[in-house]
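Have the structure open while you read.

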Amino acid sequence: MPSPTPLSPALLTDRYELTMLAAALADGTADRDCVFEVFARRLPHGRRYGVLAGTGRFLEALADFRFGDAELAALRAQGIDDPRLLEHLAGFRFTGDVDGYAEGDLYFPGSPVLTVRAPFGQAVLLETLVLSVLNHDSAIAAAGARMVGAACGRPCIEMGSRRTHEEAAVAAARAAALVGFSATSNLAAGARYGIPTTGTSAHAFTLLHDEEAAAFRAQLDTLGVGTTLLVDTYDTEQGIRTAVEVAGPELGAVRLDSGDLAIQATSARELLDSLGATKTRVIVTSDLDEYAIAALAAAPVDGYGVGTSLVTGSGAPTVGMVYKLVERDGVPVAKNSEGKRSVGGRKHAVRRHDAAGTATAEVVSPAPVTAGEHDRQLVVPLVRGGQLVEPRTPAQALTAARELHERVRGTLPQEAWSLSRGEPAIDTVTA
């Protein structure tokens with residue numbers, strides 16, 4: 001039986017978007033010019049900064065946001081049969097504008113990371129897609145950035161595919177690469193985004209063979225002496241001795257996946273050196289997060305493989321971004337719900353820096369903000385009239401985001417690098 005045709009990103013939405021649209025079409029308000037903003041009221045508890053990720057994925061999806069015959073049939077099957085609504089959806093094309101922070105930039109409470117200007121009947125349909133992408137990817141990027149910082153220059157490898165949804169795994173690998181992870185285990189991420197992929201073997205491969213040495217020889221014959229051998233299936237010390245005996249002192253690396261990793265890494269390094277394998281690297285895995293990586297700072301570790309904690313946001317699986325109407329027909333509008341108040345009007349944003357280039361404040365205002373000598377305007381055009389301002393391939397978009405992130409994270413004040421809970425690294429100032 002042939003595989004079903006993939007449905008459009010247009011169905012990656014909540015039904016209430018269509019309910020609102022149907023009512024707006026009926027009463028004539030669907031064509032009102034609207035501005036929606038995406039922002040987070042606060043950072044996840046104790047985090048010092050946020051990292052914007054997912055903008056590139058959203059823009060990719062926006063280009064394919066269509067209601068074709070298959071999508072309309074799926075709606076009818078769910079009881080959505082309003083003729084006016086279905087006719088509107090059949091002809092849907094996004095013709096509005098999108099502005100926002102460049103992907104990879106930092107953000108803070110109240111930062112207008114994405115702004116959509118379009119008729120209500122277009123803009124309202126994007127809410128779920130925007131938030132599902134940005135909330136997920138930004139959570140992974142923030143966790144990954146903390147891990148990269150804790151690693152102090154040692155490489156981190158993303159290997160969390162087996163700990164999350166299959167498509168979330170691809171998005172997580174992309175977000176991790178954006179903040180500095182050097183490789184991923186996920187082949188789809190490698191194919192879509194050009195991220196280097198890596199992987200050697202699991203304990204099952206060693207257990208498959210009658211002897212550990214036989215498993216090592218098979219891997220070396222296939223992958224070469226530069227491979228990484230998993231040495232803790234049985235006895236770690238003996239595993240290292242066997243690995244060097246089979247591969248020789250030019251063995252690329254050994255991997256430790258159990259026990260007290262600081263002790264294990266120190267013992268492994270000493271043993272490798274005594275066997276003449278002074279250039280063989282020590283790679284550690286096993287439920288690492290930013291705190292575990294930081295605790296290994298003094299250990300002779302050459303790289304980290306990170307899985308579960310990364311793809312689940314290391315305790316913050318979403319960053320709480322919201323999509324709020326802030327302007328209607330040029331008039332600012334705002335909600336006044338207790339604990340969920342918003343500020344009306346389309347926002348502008350500038351990040352202040354001191355003379356040394358260190359960020360000092362996030363200035364957010366409904367009026368244009370003048371940037372000083374050391375400051376940076378944050379909002380850039382992304383879409384005009386439904387068309388991308390700067391079309392890029394998925395790999396090009398990721399590369400640009402990674403390069404920007406590398407530049408801007410260097411502007412954070414020193415306290416931003418602390419893993420202890422605290423307030424945002426810089427204040428958000430409303431001008």
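The sulfur of Cys-152 sits 9.9 Å from the closest cysteine sulfur, that of Cys-156, so the two are too far apart for a bond. A disulfide here is a pair of cysteine sulfur atoms within 2.5 Å, and by that rule the count is zero. Burial is judged by relative accessible area: under 20% is buried, over 50% is exposed, and anything in between is partly exposed (1.4 Å probe, protein chains only). Two cysteines land on opposite sides of that scale:

| Residue | Relative accessible area | Class |
|---|---|---|
| Cys-34 | 3% | buried |
| Cys-152 | 62% | exposed |

Some ground rules: this is a predicted model, where local features need pLDDT of at least 70 and side-chain atom pairs count only at pLDDT 80 or more, while totals for chains, interfaces and linings use all residues. Residues are numbered from 1 along each chain as its sequence is written, and side-chain values use heavy atoms, leaving out hydrogens and water.

Now for strand E9, residues 253-256. Helices (H or I, at least four residues) and strands (E, at least two) are DSSP runs numbered from the N terminus. In a regular strand, side chains alternate between the two faces of the sheet. Are the residues of E9 buried or exposed? Ala-253 and Arg-255 on one side, and Val-254 and Leu-256 on the other, are all buried, so both faces are covered by the under-20% cut-off.

E9 has parallel partners, where pairing takes at least two DSSP bridges. Strand E8 (residues 228-230) joins E9 over three bridges, with Thr-228 partnered to Ala-253. Four bridges link E9 to strand E10 (residues 281-284), and Arg-255 has Ile-283 as its bridge partner there. From E9, the chain crosses through helix H12 (residues 261-274) to E10 in a right-handed β-α-β crossover; right-handed means that, with the strands pointing away from the viewer, the path from the first strand over the helix to the second runs clockwise.

On to the nonpolar cores, meaning sets of buried Ala, Val, Leu, Ile, Met, Phe, Trp, Tyr and Cys residues joined through side-chain atoms within 4.5 Å. The largest has 63 residues, and Val-284 and Tyr-304 touch the most other members. A second, separate core of 53 residues includes Cys-34, Leu-43, Leu-52 and Leu-134.

Finally, the domain assignment gives domain 1 (9-140 + 316-415) and domain 2 (200-284), with bounds from an automatic or database assignment. Their C-alpha centres lie 47 Å apart.
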